[in-house]
Structures are given as structure tokens and as C-alpha cells.
Amino acid sequence: IVDTNIPEETIAYLAENCKVPIYADPVSCTKAKKLLPVLGKLHTVTPNKLEAEVLTGISIDSDEKLDEAANVLFDKGVKQVFITCGADGLYAANREASFRLPNLKCKLVNATGAGDAMVAGFAYAETEGFDLREIALTGLGAASIAVEGSSTINEDMSAEVVLRRAGIEQ
């Protein structure tokens, strides 16, 4: 997992030399530009709508535009896309499927770390061999638990709790 808080040269080095799938979080519209030269080497990107617009050049104002943006990323070599849509939930896509899921119900205490928890949930679910919907739900589950804690890392966070929140049976 990389984010764009590191130098562009480091991202390029990782993209060229990493032998495992790379998940990339653009972090901000300005920093998202660091991913443009290496999009074809990334397995998964996790932008919000504005960051996805930077990565694709498409103004996203509908579900159809989400699909169009995802296809631009796929054409560049990305395998999987998760676009966060704020209160409108999460858009998930790969070459075989695309859909939007609502955010999971939770009690917002502290939003710090929610995005990082979501990406960690995606990556965890990927390593477990989950399908796209299960990966998306796991990320949503991790984010919903993250925001319920008063500290940066919710002490209640665990794979078991995340999967239960996501409605995934083990």
C-alpha cells in the first residue's frame, strides 16, 4: 500500500520493483498527480471523486461518469478501483463488475484514520481471496469501526469485528 505523501521518485521505484500488487491512495488532488506516470503498474487505486477526476480527466457527476472514469483507469492498466463518494457511499469496480454500496451505519466520533482503515480493509480482504463486493464491504466495515473510536486507531478494530460489521460470514 502506498500513498502520495512520499516522493514521486519513491512511488516510481516501488511501481517498477515491487513484485506484489500495489494499492495506491492518492491522498489529495494535488498529490494524486504523482500516480499518473505509474498508473499502469498499480493494481488498485482508491481515490475520492475529485482525485479520480485528476487521474482520469473526467468530470464525475453521475454513476455513468464513475463507470467511464473506471474504464479510463482500466485502460491504463489498473485492475481494481474503489472511489469514495462521501455520504453517497463507495463505488467499486473491476473489469467484470461495478456497483455502488452505501456507507455502513455507524456512530461518528472521530473521522481521523477512516480512509486508511478502509484501504487496509480492502488489502486484507484481497489477501483473503474475497470477491469485489466482499472487498468493498470489508473496507466499509473497517472505516465504520475506525470512525467510532475516540483515538486515531479504534481499540475495537480486528478482522473478526470488521467482517461481522461488513456482514461477511467466515
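Me: Is Glu68 buried, partly exposed or exposed?

Reply: This is a predicted model, in which local features need pLDDT of at least 70 and side-chain atom pairs count only at pLDDT 80 or more, while totals for chains, interfaces and linings use all residues. Residues are numbered from 1 along each chain as its sequence is written, and side-chain values use heavy atoms, leaving out hydrogens and water. Buried means under 20% relative accessible area, exposed over 50%, and partly exposed in between (1.4 Å probe, protein chains only). Glu68 has a relative accessibility of 36%, so Glu68 counts as partly exposed.

Me: What separation along helix H4 lies between Glu68 and Lys65, whose side chains meet in a salt bridge?

Reply: A salt bridge is a side-chain nitrogen of Lys or Arg within 4 Å of a carboxyl oxygen of Asp or Glu, and for Glu68 and Lys65 the N to O distance is 3.7 Å. Helices (H or I, at least four residues) and strands (E, at least two) are DSSP runs, numbered from the N terminus. Because Glu68 and Lys65 are three residues apart in H4 (residues 63-76), their separation is about one helical turn.

Me: Which parts of the chain does the salt bridge between Glu16 and Lys41 tie together?

Reply: The side chains of Glu16 and Lys41 meet at 3.4 Å, N to O. The two residues are 25 apart in sequence, so the pair ties together helix H1 (residues 8-17), which holds Glu16, and the loop between helix H2 (29-32) and strand E3 (44-45), which holds Lys41.

Me: How many salt bridges does the structure hold?

Reply: Another salt bridge joins Arg95 to Asp75, with the closest N and O atoms 3.0 Å apart. This pair links distant parts of the chain, Arg95 being in the loop between strand E5 (90-94) and strand E6 (98-101) and Asp75 in H4. The number of salt bridges in the structure is six.
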